[in-house]
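Reader: I should like to learn how to read the strands, the pockets and the confidence values of a model. Would you take me through them in turn?

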Amino acid sequence: MPLLGAAIAAATCTTAAHAVTPEWGIRAAIDVNIPGKWSNDVVSYKMFRPGVGATLGGVSTLYLTQGFFIQPGVSLFYDSYAFDDLVVGDVAGGYTMDNPSLYKLGLRIPLTAGYMFDFSSKFSMCVYTGPEFSWAFAGKIKYGYPDFDNDPDLALFNGFEHRVDLAWKFGIGVPVGPLLISADWAIGMTNILNTPDISCRENRVSLAFTYNL
């Protein structure tokens, strides 16, 4: 991640030059995961239903000038969604399940830049954007059938999906005392499928609450 490292280094140098004190905060979010369609050069088709998730972690807000800020962070995330219109069954026909669920647990590292608009002494609003890196250290497709759930060839990260993902975030926030209430949209930039001829990107809408310490 040379670009991310350079951005953090630049922010650190600028902060030191202006003697900026970072503001630390705890961020919790409710996420709606919206996987895109599977697509190739010929067709695209819906394979997943949206699902819900959650994020919990910390952020550091660095105000480089009046209003302009950079906000790196790190969070633990839980994602879930399900297949759409998919039936799984064994060869003998003794077991079938509609739309298996998919779960992920991992780390998410955003690096956003934004601006805080002070419209009055009582009302402010910020806008922000930037990349967000995700790494899933655990994940599973739940078939609800032991022979499938315990089969390594049917595991989530054994040839089906990548553990890493990169998205680009856009968001707005409103401070209320020490609390920042924000809503953002993360657009998937990389293919999450571990296949050369089919691609799919994960998108996400979040409602977040950041408490500044």
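Reader: How is confidence to be read here, and what is the mean pLDDT of the protein?

Author: This is a predicted model. Where pLDDT is low, the predicted coordinates should not be read in detail. The protein has a mean pLDDT of 87, with 85% of its residues at 70 or more. Over residues 6-18, however, pLDDT stays under 50, and the model has ten contacts beyond four places in sequence for this stretch.

Reader: Let us turn to the strands. Which strands pair with strand E13?

Author: In a regular strand the side chains alternate between the two faces of the sheet. Here, strand E13 (residues 202-212) pairs with strand E1 (residues 23-35) through eleven bridges, in the antiparallel sense. Ala208 of E13 stands opposite Ser182.

Reader: Where does the second largest pocket lie, in terms of the residues nearest its centre?

Author: Rolling a probe the size of a water molecule over the atoms shows where empty space is left. In this model, the second largest pocket holds about 160 Å³ of space. Its lining consists of 14 residues, and Thr61, Tyr63, Met116, Leu180 and Asn212 lie nearest the centre. Among the elements that give two or more residues to this lining are strand E5 (51-63), strand E6 (68-83) and strand E10 (124-142), together with E12 and E13.

Reader: How many residues of each class line the second largest pocket?

Author: The lining of that pocket has eight nonpolar, five polar and one charged residues.

Conventions: Residues numbered from 1 in each chain as written. Predicted model: local features only at pLDDT ≥ 70, side-chain atom pairs only at ≥ 80, totals over all residues. Heavy atoms only, no water. Pairing = 2+ DSSP bridges. Helix = DSSP H or I, 4+ residues; strand = E, 2+ residues; numbered from the N terminus. 1 Å grid on protein atoms, 1.4 Å probe; cavity = no way out; pocket = protein on both sides within 12 Å on 5 of 7 lines; lining within 4 Å. Points joined across faces, edges and corners; volume = space filled by probe spheres on them. Nonpolar A, V, L, I, M, F, W, Y, C, P; charged D, E, K, R; others polar. pLDDT = per-residue confidence, 0-100. Contact = heavy atoms within 4.5 Å.
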